[in-house]
Amino acid sequence: MDGGAESRFGRVFSGHRLEGLIPSGHGADVTAWARDVYARAIERGLDHVPGHVAIIQDGNRRYARERGVDTDSGHTAGAETARNVLQWGRDLGITETTLYAFSTENFERPPEERAALFDLIAEELRALADDDRIHADGVKVRAIGHTDRLPERVQAAIETVESATDRYDQYVLNVALAYGGREILRSAAERIAEEAASGALDPETIDRETVAERLYDCSFRDVDLLIRSGGECRTSNFLPWHAVGAEAPFVVVDSYWPAFSRLDLLRALTAYDTYRATQQGRQEEKRLSLPSRSRQLSRIARSAMYSFRR
C-alpha cells in the first residue's frame, strides 16, 4: 500500500514514498534513516497538537490476507500497533485517545474469529492493567459502548483495568467495545424520554449538554482529530456526537492498521496542524476586519442622525 494520508486538505506527502528518493544500492538502513529525519522534521514543525485523537483501526484482515497469514495474526499485529500508537501519542502530547476496538457490526463476524478477538481484547486489557508505562504516565483506561453484550471474560478484564487505573488523570485511553454510534444515540434519547416522563427531567431544559451527559457513564470530551487507517473514507458509525457532530477533522491513512507507523501519525497531525492554522487565520481576518466595520457602522449611524436632525 502507498502510505499517503488524505484529509479535507488533500493528499499529504507519504513517508512510505521515501524509497523513491533514496539512490539505489544504499539499502534499507538509509531509507530508515531518511524516514527518521523526515519524522523529526515534521514533529519540529508542529505548532498545534490535538488533545483528543480518535482512531478507527481498520485493515487487520486485509493486512493478514496480503501476507498469506491467518486473520488472528493480523489482529495480533494490530494490537501491537495500538500499544505503540498510545506511547507515541503520549510522547507527542496527546492527552486523550479513543480506539475503535470492536463495533456492534463485528458481532456478525464468524464465531471463531469473534472468539479469538475476545480473547485478544481481554488479554490486552489485562496487559494494560499490569503495564508499568501506563502507571508511570498516569493513564486512566475506560471502556465505552454496550459492554454488557461482551463475554464475561472481556467484562472481567474491563473491570480489572478500569479499577487499576481509575485514580489517574494525566492521560485517558477510551476503548470502544461493542460500540455503535446510532445505538448510543438511541439509548441516550431513551434515557432522556424516561427521565422526562417520570418528572426527573424538565423537557424545557433539554439541550445539547443534556444529551452529551447521557451518552456514556463517564465524562467524554469532543474529539479534535479523527483518524482512519486502511484507506477507506468512512466513519463507520463511530462517535457521531463527539467527532462527526463536533466537526473534527477527518484524516484517512492508506496504511493498514498493523503497518500504521509513527510517521503515519505525524502526517495525520500535520493535517490537523494545517486545519488549526487555517481556522486561526480566519479568526484573525475577522478580528482585523472588526475595526473597519465598526467605523463604517459609526459613519452610517452619524449620517442617519444628521439626516434625522435636518
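About 50 Å³ of space lies in the second largest cavity. Let me start there. This is a predicted model, where local features need pLDDT of at least 70, side-chain atom pairs count only at pLDDT 80 or more, and totals for chains, interfaces and linings use all residues. Residues are numbered from 1 along each chain as its sequence is written, and side-chain values use heavy atoms, with hydrogens and water left out.

What counts as a cavity? On a 1 Å grid over the protein atoms alone, it is a set of points where a 1.4 Å probe fits but cannot get out; lining residues have an atom within 4 Å of a point. Points are joined across faces, edges and corners, and the volume is the space filled by probe spheres set on them.

Who lines the second largest cavity? Among them are Leu86, Gly89, Arg90, Tyr171, Val172 and Leu173. H3 and E6 each supply at least two residues of that lining. Helices (H or I, at least four residues) and strands (E, at least two) are DSSP runs, numbered from the N terminus. The lining splits into six nonpolar, three polar and one charged. Here Ala, Val, Leu, Ile, Met, Phe, Trp, Tyr, Cys and Pro are nonpolar, Asp, Glu, Lys and Arg charged, and the others, Gly among them, polar.

Now the largest cavity. Its volume is about 60 Å³. The lining is Arg83, Leu86, Gln87, Arg90, Leu128, Asp131, Arg133 and Ile134. Which helix gives the largest share? H3, with four residues. Helix H3 (71-92) and helix H5 (132-137) each supply at least two. By type, there are three nonpolar, one polar and four charged. In total, the model has four cavities of 30 Å³ or more.

On to helix H7, residues 181-198. At 1.5 Å a residue (times one less than the number of residues), its 18 residues should span 26 Å, and the end C-alpha atoms are 26 Å apart, which agrees.

Terms used:
On a 1 Å grid over the protein atoms alone, a cavity is a set of points where a 1.4 Å probe fits but cannot get out, and a pocket is an open set with protein on both sides within 12 Å along at least five of seven lines; lining residues have an atom within 4 Å of a point.
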